[in-house]
Amino acid sequence: MGPKAENIEEYFSWFSPEIQNQLGQIRKAIKEVLPEAIEVISYHMPAFKTTEVLIYYAAMKNHIGFYPTNSAVSEFKEALKPFKTSKGAIQIPYNEKLPLKLIQDIAIFRKEEAKVRTEQKLKTKQKRGQ
C-alpha cells in the first residue's frame, strides 16, 4: 500500500480531475441517503461509517472500486450484472456512467443491515444482563 490520506479531500487530490469528479459524484450520492454517516479513511480508502463501516470506495487503475460487503453484492446481483463483481466488490469502469441510484440503494441496504446487526448485539447483551 502507498501513502495513507489524512482525509477524503487529500485522497481525491491524488487523482485526475475526471476521476475526482467521479469520486465526488459517489460521495455526494451516498451523503444524500446517509446524512448521518461519517466519512473516514479506512484501509487507505474513503468510507462511510455509522455503527460500522458501511461502504468503501476507491480509484483503481481502470475502474472505481466500490466495496459494500458480500451481502450487498449478493442482494443486488441482478442489478449488478453489467459490472464485474467479486465477493464484496464491484468494479465500475471509468468510461461507464456511474450507477448513482444503485449506489444509493446499496448504501441504504447497508445502513439497514448495520442497524439490524446493532439491535441484535444489544438484545444479546441484554439477555446476558450486561
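Predicted model: local features only at pLDDT ≥ 70, side-chain atom pairs only at ≥ 80, totals over all residues.
User: Thanks! And how do I read a pair of aromatic rings?

Analyst: A pair of aromatic rings is described by two things, the distance of the centres and the angle of the planes. Here the count comes to six aromatic pairs. In one of them, Phe48 and Tyr57, the centres are 6.3 Å apart and the planes lie at 20°, so this pair is stacked. Phe48 and Tyr57 are both buried.

User: What arrangement do Phe76 and Phe109 form?

Analyst: Theirs is edge-to-face, with 5.7 Å centre to centre and 85° between the planes. The pair links distant parts of the chain, 33 residues apart: Phe76 is in the loop between helix H3 and strand E5, and Phe109 belongs to helix H4 (residues 100-127).

User: Which residues form one aromatic cluster?

Analyst: Look at Tyr11, Trp14 and Phe15, which cluster together. For a charge over a ring, turn to Phe12: the charged end of Arg27 sits over the Phe12 ring, 5.5 Å from its centre.

User: Which residues is Met45 in contact with, leaving aside its neighbours within four places in sequence?

Analyst: Those partners are Val40, Tyr56, Tyr57, Ala58 and Tyr67. Met45 itself is found in strand E2 (residues 45-49) and is buried, with a relative accessible area of 15%.

How values were computed. Residues numbered from 1 in each chain as written. Heavy atoms only, no water. Helix = DSSP H or I, 4+ residues; strand = E, 2+ residues; numbered from the N terminus. Buried < 20%, exposed > 50% of the residue type's maximum accessible area, 1.4 Å probe, protein only. Contact = heavy atoms within 4.5 Å. Phe/Tyr/Trp six-rings, centres within 6.5 Å; stacked < 30°, edge-to-face > 60°. Lys NZ or Arg CZ within 6 Å of the ring centre and 35° of its normal.
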